[in-house]
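Dear colleague,

Please find below the structure that I am handing over to you. My notes on it follow, and I would be grateful if you read them with the structure open.

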Amino acid sequence: MRQELLSLPKGLAEEVSRNLVMVARLIDEDPEQAYAYSRIALRLASRVAAVREAAGFAAYATQKYSEALAEFRAAKRMTGSVELWPVMADCERGLGRPERALAMAGEPEVQKLDKAGQVEMRLVAAGARRDMGQLEAAIVTLQSPELASHSVQPWTARLRYAYADALLAAGREDEAREWFAKTVEADKDGSMDASDRLAELDGVEFVDALDSDEPDEIDDEDDEQDDAEVAAAERASDQAEYYDEDDEEYEPLERSEADADVAVTDEIVVGDEDRDDEQGQAGDKA
């Protein structure tokens with residue numbers, strides 16, 4: 001990419017580079033923002049292949065499949081590389097054209113892909129089969145030497161997961177359980193939810209203690225008394241700080257309309273008693 005940017009004037013290259021860096025940084029956590037940065041880079045340097053590719057992935061991440069496909073095609077024309085072939089096929093799936101994705105899986109470009117690209121193409125083809133309601137065909141598509149291999153590669157967890165999910169969709173639960181377990185073994189960084197899927201198949205239910213519906217065992221009367229004591233202490237503190245009882249000219253100020261507005265805006269309480277306490281505090285402070 002750096003070599004491609006060298007063809008631009010220095011100032012422009014730096015600006016484009018900054019936008020591409022933001023695309024890469026945000027595409028997973030905030031794809032919409034990444035897409036916005038990609039559009040800026042595209043406007044500045046649409047004849048740079050790396051920019052077209054980044055714009056394609058940003059559009060893909062926001063499910064703008066038609067736009068993504070157009071950008072990927074442009075990048076492919078510029079570079080002559082076929083590495084984007086699988087994601088281009090997946091764009092066809094996103095556009096509701098799984099038959100085109102399957103046709104692309106049979107094109108000569110697939111043979112030019114590296115091993116990772118071929119596995120990705122297999123995943124896309126299996127997804128297209130499922131889109132067309134051909135579950136058994138999807139399962140067969142995923143059956144490959146890469147799936148059977150005991151070695152763990154960057155694509156292993158995704159391949160095993162897709163296979164387990166297809167088996168489950170076909171009602172083959174025992175086999176699905178086996179392959180979800182194998183996915184867990186390969187998913188070293190825990191990026192997939194295979195362990196959760198496996199637990200569901202085993203009938204395990206997870207309960208979040210923070211979301212428990214059981215009421216807290218708190219004595220309401222004691223709680224209200226504590227609140228009253230705290231409020232009284234605060235009022236006493238305010239009076240000690242702002243009121244000199246030896247000052248004969250002291251007169252409590254009436255709360256202005258502006259103060260009332262602020263009190264209403266800032267009020268985040270439930271219950272009449274607490275509301276009265278807060279209003280009393282505001283009057284004393286004023």
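Helices here are DSSP runs of H or I with at least four residues, numbered from the N terminus. Under that definition, helix 6 is followed by G96, whose phi is positive, near 80 degrees. Please note that this is a predicted model.

Overall composition

The protein chain contains 16 helices and zero strands. Of its 286 residues, 31% are buried. When contacts between residues at least 6 apart in sequence are considered, 51% of them join residues at least 24 apart. The chain exposes about 18400 Å², and carbon and sulfur atoms supply 46% of that area.

Helix 6

Helix 6 is mostly covered, with eight of its 10 residues buried.

Helix 4 covers residues 49–61. Its 13 residues should span 18 Å at 1.5 Å a residue, and its end C-alpha atoms are 18 Å apart, so the two values agree. Buried in helix 4 are A49, A50, V51, R52, A54, A55, G56, A58 and A59. The cover over these residues includes helix 1 (2–5), helix 2 (10–26), helix 3 (31–44) and helix 5 (65–79).

Just after helix 4 comes Q63, with a positive phi of about 65 degrees. Q63 is a residue other than glycine with a positive phi, and it is placed in the loop between helix 4 and helix 5. Is Q63 buried or exposed? Q63 counts as exposed because its relative accessibility is 57%, and the cut-off for exposed is over 50%.

Helix 8 has 17 residues and reaches 24 Å from its first C-alpha to its last, close to the 24 Å expected at 1.5 Å a residue. Its buried residues are G117, V119, M121, L123, V124, A125, A126, G127 and A128. Among the elements that cover them are helix 6 (85–94), helix 7, helix 9 (135–142), helix 10 (145–148) and helix 11 (156–169). Helix 8 is followed by G133, which has a positive phi near 80 degrees.

The axes of helix 7 (residues 98–105) and helix 8 (residues 115–131) come within 9 Å and cross at roughly 145 degrees. The crossing of helix 7 with helix 8 is left-handed. Helix 7 contributes P98, A101, L102, M104 and A105 to the contact, while helix 8 contributes M121, V124, A125, A128, R129 and D131. Sorted by class, the contact has nine nonpolar, no polar and two charged residues. On the spacing of such positions, an α-helix has 3.6 residues a turn, so residues three or four places apart point the same way.

R122 lies in helix 8. With a relative accessible area of 30%, R122 is partly exposed, because that value falls between the limits of 20% for buried and 50% for exposed. Which residues does R122 touch, not counting residues up to four places away in sequence? They are T141, L142, Q143, S144 and E146. The C-alpha atoms of R122 and T141 are separated by 6.7 Å, although the two residues are 19 residues apart along the chain.

S144 is placed in the loop between helix 9 and helix 10. S144 counts as buried because its relative accessibility is 9%. Not counting residues up to four places away in sequence, S144 touches R122 and L159. From C-alpha to C-alpha, S144 and R122 are 9.1 Å apart in space, and they are 22 residues apart in sequence.

L201 in helix 13

L201 lies in helix 13 (residues 194–201). L201 counts as buried at 18% relative accessibility, as buried means under 20%. Its contacts, not counting residues up to four places away in sequence, are with L168, E173, A176, R177 and F180. L201 and E173 are 28 residues apart along the chain, and their C-alpha atoms are separated by 7.7 Å.

With kind regards

Key
Residues numbered from 1 in each chain as written. Predicted model: local features only at pLDDT ≥ 70, side-chain atom pairs only at ≥ 80, totals over all residues. Heavy atoms only, no water. Axes fitted to C-alpha atoms, helices over the stretch in contact; angles between N-to-C directions. Helix = DSSP H or I, 4+ residues; strand = E, 2+ residues; numbered from the N terminus. Left-handed = near helix turned anticlockwise from the far one by under 90°. Contact = heavy atoms within 4.5 Å. Nonpolar A, V, L, I, M, F, W, Y, C, P; charged D, E, K, R; others polar. Buried < 20%, exposed > 50% of the residue type's maximum accessible area, 1.4 Å probe, protein only. Areas by Shrake-Rupley, 256 points an atom, 1.4 Å probe, with all protein chains shown as cover. Expected span 1.5 Å × (residues − 1).
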